Amino acid sequence: MSDDAAPPHAPPHAGAELNFAGKMAYADYLALDRVLDAQHPRSTAHDELLFIIQHQTSELWMKLAVHELTSARDAILSQQLPHAIKMLARVSRILEQLNGAWDVLRTMTPSEYTTFRDALGQSSGFQSWQYRAIEFLCGNRHHAMLGPHRHRADTLAALENILAAPSIYDAALLLLHRHDLLADPTRDWRAERATDPAVTQAWATIYRDPAAHWPLYELAEKLVDLEDYFRRWRFNHVTTVERVIGLKRGTGGTAGVGYLRRMLEVELFPELWQVRTQL
């Protein structure tokens, strides 16, 4: 047997690189040193690490959702519907991942949460600017929600920039206008939009004859998918919080479960749900 032949018990590496001195390695590319050093529990409680990692990974998924929603919005505005539809489908899968994360957090009991809750101070998921960006991008534009971010000029500027442009739903309505199905919906994009019966009728025209309006029909269904997954995310958030803290006030000062339950009633694309009663 030659000197460089692997012994029979050694696992084959199929020519994989084994020496990374001076080369780009997996940990380098992903900056894993920084990622894995970003968890700093403020107590000695065993379950605080779970709480931190659950929220950090959720923020990473939300970063990707913001990226995809922004690109999908721009694709709709430029009438590149196949690209937009692909990205919207991806966001739905991202929301599915976020939904699954609640299953892990629900393994923490109320007594375990109380061992480190005081360490959170006034921090709360209510203050997640990326969650707010997702809502703003989808069209839920309540300016009062900028309040928790006014102490950070960079964050506030990023949210203001989202508000200054059409939401993904505004972009869809502009597309309906280009197809002569709706009057020009151009408006002050920062303002909260009211439900419009004319928009419901435009969607009804599309749904009554999908074959004649297939790209718009497919876009509509991808938006419905997106909101469906978003609602499930909110619902799982409510049930997880209720399971862990009951009806206590949230650390950020909200009414906790009561506030989250009210958020379940918010509709991102209201006319797309209303149209179902007219078909």
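This is a predicted model: local features need pLDDT of at least 70, side-chain atom pairs count only at pLDDT 80 or more; totals for chains, interfaces and linings use all residues.
A residue is called buried under 20% relative accessible area, exposed over 50% and partly exposed in between, with a 1.4 Å probe and protein chains only as cover. Residues are numbered from 1 along each chain as its sequence is written, and side-chain values use heavy atoms, with hydrogens and water left out.

The protein has 12 helices and zero strands. These elements are DSSP runs numbered from the N terminus, with at least four residues (H or I) for a helix and at least two (E) for a strand. Of the 279 residues, 40% are buried. Contact means heavy atoms within 4.5 Å. Among contacts between residues at least 6 apart in sequence, 71% join residues at least 24 apart. The accessible surface comes to about 15500 Å², as given by the Shrake-Rupley method with a 1.4 Å probe, where only the protein chains shown count as cover for residues. Carbon and sulfur atoms hold 56% of this surface.

The structure holds 14 salt bridges. In each, a side-chain nitrogen of Lys or Arg lies within 4 Å of a carboxyl oxygen of Asp or Glu. Asp-170 and Arg-187 meet in one of them, at 3.0 Å from N to O. Asp-170 lies in helix α8 (residues 168-178) and Arg-187 in the loop between α8 and α9 (197-208), so the pair ties together parts that are 17 residues apart in sequence. Asp-170 counts as buried because its relative accessibility is 3%. Arg-187 has a relative accessible area of 26% and is therefore partly exposed.

A salt bridge also joins Arg-231 and Glu-267, with the closest N and O atoms 3.3 Å apart. This pair links distant parts of the chain, 36 residues apart: Arg-231 is in helix α10 (residues 214-245), and Glu-267 is in the loop between α11 (257-263) and α12 (270-274). Arg-231 is partly exposed at 25%, and Glu-267 is partly exposed at 35%. Within helix α4, Glu-96 and Arg-93 are three residues apart, so about one helical turn separates them. Their side chains form a salt bridge of 3.2 Å, N to O. Arg-132, Glu-135 and Arg-234 are linked in a network of salt bridges.

Nine aromatic pairs were found. Rings of Phe, Tyr and Trp (its six-membered ring) pair if their centres lie within 6.5 Å; planes under 30 degrees apart count as stacked, over 60 as edge-to-face and the rest as tilted. Tyr-113 and Phe-116 form an edge-to-face pair, with 5.3 Å centre to centre and 85° between the planes. Tyr-113 is buried at 7%, and Phe-116 is buried at 1%.

Gln-130 lies in helix α6 (residues 129-138). At 10% relative accessibility, this residue is buried. The side chain of Gln-130 reaches the backbone oxygen of Glu-59 at 2.7 Å. Leaving aside residues up to four places away in sequence, Gln-130 touches Glu-59, Met-62, Lys-63 and Val-66.

Two loop residues have positive phi without being glycine. Ala-31 has a phi of about 50° and lies in the loop between α1 and α2 (32-36). Gln-79 has a phi near 60° and sits in the loop between α3 (48-77) and α4 (81-105).

How values were computed
A polar contact is a pair of N or O atoms within 3.5 Å; within protein, one must be able to donate a hydrogen and the other to accept it, and residues adjacent in sequence count only if both atoms are side-chain atoms.
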